[in-house]
Amino acid sequence: MNVLTAESRPPNTVRAAATRKPMKLYFFVGACSLADHIVLEWLKVPYDTVRMNHESIKTPEYLAVNPAGTVPALVDGTLSLTENIAILGYLSDLYPDAQLLGDGTPRGRAEAMRWLGFLNSDVHGAFKPIFSPGRYLPDPAFAEAIADAARLRVRGYLDILDAQLNGRSWLTGHRTAADAYLFVMLRWAARLKVGIANFNNLLDFVERLQADEGVRTAIFDEESDVTK
Ligand SMILES: N[C@@H](CCC(=O)N[C@@H](CS)C(=O)NCC(=O)O)C(=O)O
């Protein structure tokens, strides 16, 4: 967790940060919720995290927060928010000076939303048969074939993302919440042996993000303290 300092805080967030209770992010280690965790770090606002696992996301207490039984979920006062895009959008809108959903112009927002939409509905969805092939065909004999077909589909999407990063440090040219989401997808691609060795722009992007202070803090927070 990162507590704001007066120097690092964007000017119009000072009052909001001083009066609000910390938001609470429900996450699994390394899951898509890591994108929200990174964004909270980039915003440098106070927040708390709640570590979940495959059992705790199906308990009645958590289903009251997120009836879908998935992470992420964000609780901010009386608001219980689910769906990654909604959470990333909400956080970005709360702290517009950070421009994590574009520069405030319709075009800037549309470009950020374009990549968030692509990552959430196409790329993220394409990983699901690799994570849980049994949800597509219960017979374990097909599991590897289903996962391999999904790897091929993910690689097709990575091709598009690699081309978009050609000559750019960030998907839209400026850092947005979509970059945090892309970073999470690329960690999955490496871990699930999708094959990213030929995507030079994506490899450079991962290297840059791995050196980013907010990214490192979010990962450290998730991976170091298993008692949380
Ligand atoms: N549509 C949801 C999907 C979230 C999702 O798939 N979360 C995964 C982790 S990345 C999860 O909680 N999976 C647990 C499960 O499906 O049981 C969103 O975009 O927030």
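Student: Before we start, what counts as buried here?
Tutor: Buried means under 20% relative accessible area. This is a predicted model, by the way.

Student: OK. Where does R151 fall, buried or exposed?
Tutor: R151 is at 13% relative accessibility, so it counts as buried.

Student: And what does R151 pair with?
Tutor: R151 forms a salt bridge with E144. Their closest N and O atoms are 3.7 Å apart. E144, D148 and R151 are linked in a network of salt bridges.

Student: How many salt bridges in the whole structure?
Tutor: The search finds 5. One of them joins D93 and R109, with the closest N and O atoms 3.2 Å apart. D93 sits in helix α4 and R109 in helix α5, so this pair ties together parts 16 residues apart in sequence.

Student: What about E223, which residue is its partner?
Tutor: R187, with the closest N and O atoms 3.0 Å apart. E223 is in α9 and R187 in α7, so the parts tied together are 36 residues apart in sequence. E223 is partly exposed at 42% relative accessibility. R187 is also partly exposed, at 24%.

Student: Switching to helices. How do α5 and α7 pack?
Tutor: At an angle of about 20°, with axes 9 Å apart. That makes α5 roughly parallel to α7. Their crossing is left-handed.

Student: Last one. Which residues form the nonpolar surface patch?
Tutor: Y136, L137 and F142, with about 300 Å² of accessible area together. L137 is in the loop between α5 and α6. At 40% relative accessibility, L137 counts as partly exposed.

Notes: Residues numbered from 1 in each chain as written. Predicted model: local features only at pLDDT ≥ 70, side-chain atom pairs only at ≥ 80, totals over all residues. Heavy atoms only, no water. Patch = residues over 30% accessible without salt bridge, like charges linked within 9 Å, V, L, I, M, F, W, Y side chains within 5 Å. Areas by Shrake-Rupley, 256 points an atom, 1.4 Å probe, with all protein chains shown as cover. Salt bridge = Lys/Arg side-chain N within 4 Å of Asp/Glu carboxyl O. Helix = DSSP H or I, 4+ residues; strand = E, 2+ residues; numbered from the N terminus. Buried < 20%, exposed > 50% of the residue type's maximum accessible area, 1.4 Å probe, protein only. Axes fitted to C-alpha atoms, helices over the stretch in contact; angles between N-to-C directions. Parallel < 35°, antiparallel > 145°, perpendicular 65-115°, else oblique. Left-handed = near helix turned anticlockwise from the far one by under 90°.
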